[in-house]
Structure formats: C-alpha cells, structure tokens
Amino acid sequence: MSKDTTPGTPNAESTSQRKFEAIFEHANDAIFIVDIENDSIVDCNPAAERLVEYSCEELQEMPASDLHPHNLSKFMNFAERVFNRGEGWTDDITCYCKSGDILPAEMSASVVELDGRPHLVNHIRETTDREEREWFEGLIKHSTDLITVVKPDGTIRYQSPSIDH
C-alpha cells in the first residue's frame with residue numbers, strides 16, 4: 001500500500017522534511033540559517049562548520065556578525081538587499097574563521113520565514129582557490145617565458161603559447 005503524499009498531508013511533510021535534511025546535511029556549500037534581527041545563527045550544516053572551523057553549537061552561541069567583523073557593513077547591505085528582493089548573490093564577502101583566517105567567498109541567499117519572522121538562508125562558497133587559479137592563469141597567459149606544467153605521471157598538462165616562438 002502506498003502512502004498519501006498529497007501536499008499538506010503528514011506523509012508529504014515528512015517526505016519533504018527528509019529531502020530538505022538530506023540536501024542541507026550533504027551540501028558541499030556552507031549553509032547558515034541566520035536570524036538577522038537577533039544577530040544569531042539558527043542552524044548550519046557540516047560544510048559550514050568546516051568552512052569557519054566552529055562547531056554548530058559554537059556558532060549558535062555567538063553573534064552572526066562575528067563571522068564578518070571586517071566587512072560587517074557589506075554583509076548588512078547584502079542582507080538588506082536580500083530581504084527586499086527575496087534573494088541575492090555577491091562575491092564581495094569574506095568570512096572570519098576560528099583560526100583567524102579571513103576567507104574570500106561568494107554568497108547566495110534567500111529569505112525563509114521561521115517562527116513568523118524572516119531569516120536568511122546563506123549559501124557560502126570559499127573562493128580562495130578560484131582567485132589563486134585566476135591569478136596563476138593570468139600569469140601564465142601573459143608570460144613571455146616558456147612554461148610547462150607536467151602531471152606526476154610525466155604527461156604535459158599545459159604549455160604556454162611562447163613555446164611556438
């Protein structure tokens with residue numbers, strides 16, 4: 001016998017909850033649910049814990065603004081835009097880690113209502129590797145030196161255009 005999964009039924013809500021939990025827990029991006037009004041982190045996923053090096057419990061006990069002390073005004077302006085539009089994206093944000101590292105990141109966010117109040121659902125992706133890769137690619141592209149990148153197995157991964165000169 002199949003279960004009734006008509007929207008609004010207990011089985012549909014249970015199925016929806018399980019789907020949400022699976023996505024939330026296993027997402028590669030850090031996800032924070034933030035109560036901006038109370039400057040608190042309501043929940044976060046394991047990727048968020050890894051990104052900022054705090055446990056979920058530690059994050060829930062600290063002000064959300066502690067993750068952006070060096071660019072809090074940018075974060076608050078972004079949050080305001082998201083509340084006004086319902087969603088948003090920026091690549092002009094950084095996150096402060098427990099170790100003291102400051103990570104460049106991109107953030108997409110949307111608004112969800114919890115307990116009758118709006119909260120932000122922030123998806124954060126570190127961009128350190130991307131920035132380094134773009135810098136390195138620019139260096140290689142504009143270099144007049146011969147540059148060859150070789151894989152550990154000895155195959156050539158890249159040769160700069162200057163090899164033809």
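Q: Before we start, what should I know about the model and its numbering?
A: Residues are numbered from 1 along each chain as its sequence is written, and side-chain values use heavy atoms, with hydrogens and water left out. The model is predicted, so local features need pLDDT of at least 70 and side-chain atom pairs count only at pLDDT 80 or more, while totals for chains, interfaces and linings use all residues.

Q: OK, how many helices and strands are there?
A: The protein has five helices and seven strands. Those are DSSP runs numbered from the N terminus: H or I of at least four residues for helices, E of at least two for strands.

Q: What order do they come in?
A: From the N terminus, the elements go α-β-β-α-α-α-β-β-β-α-β-β.

Q: And how much of the protein is buried?
A: Of its 165 residues, 32% count as buried. Buried means under 20% relative accessible area, exposed means over 50%, and partly exposed is in between, with a 1.4 Å probe and protein chains only.

Q: Which residues touch the most others in the largest nonpolar core?
A: That core has 28 residues, and F32, V52, L59, L67 and I124 touch the most other members. A nonpolar core here is a set of buried Ala, Val, Leu, Ile, Met, Phe, Trp, Tyr and Cys residues joined through side-chain atoms within 4.5 Å.

Q: Which elements supply it?
A: Several give at least two residues each, including strand 1 (30-35), helix 4 (72-85) and strand 5 (117-126).

Q: What is F32 in contact with?
A: Leaving aside neighbours within four places in sequence, F32's contacts include I41, V52, L59, L67 and I124. Contact means heavy atoms within 4.5 Å.

Q: Why would such residues gather?
A: In soluble globular proteins, nonpolar side chains tend to be buried together.

Q: Switching topic: how many aromatic pairs are there?
A: A search of the whole structure finds one. The rings of F20 and F24 have centres 5.5 Å apart and planes at 25°, so the pair is stacked. For the cut-offs, rings of Phe, Tyr and Trp (its six-membered ring) pair if their centres lie within 6.5 Å; planes under 30 degrees apart are stacked, over 60 edge-to-face, and the rest tilted.

Q: Where do those two sit?
A: F20 and F24 are four residues apart in helix 1 (residues 10-26), which separates them by about one helical turn.

Q: Are they buried or exposed?
A: F20 is partly exposed at 43% relative accessible area, whereas F24 is buried at 5%.

Q: Now charges. How many salt bridges are there?
A: The whole structure has six. A salt bridge is a side-chain nitrogen of Lys or Arg within 4 Å of a carboxyl oxygen of Asp or Glu.

Q: What does D35 pair with?
A: D35 forms a salt bridge with R117, with the closest N and O atoms 2.5 Å apart. D35 is in strand 1 and R117 in strand 5, so the pair ties together parts 82 residues apart in sequence. D35 is buried at 3% relative accessibility, while R117 is partly exposed at 23%.

Q: What about K98?
A: K98 forms a salt bridge with E58, the closest N and O atoms being 2.7 Å apart. K98 lies in the loop between strand 3 and strand 4 and E58 in helix 3, so this pair ties together parts 40 residues apart in sequence.
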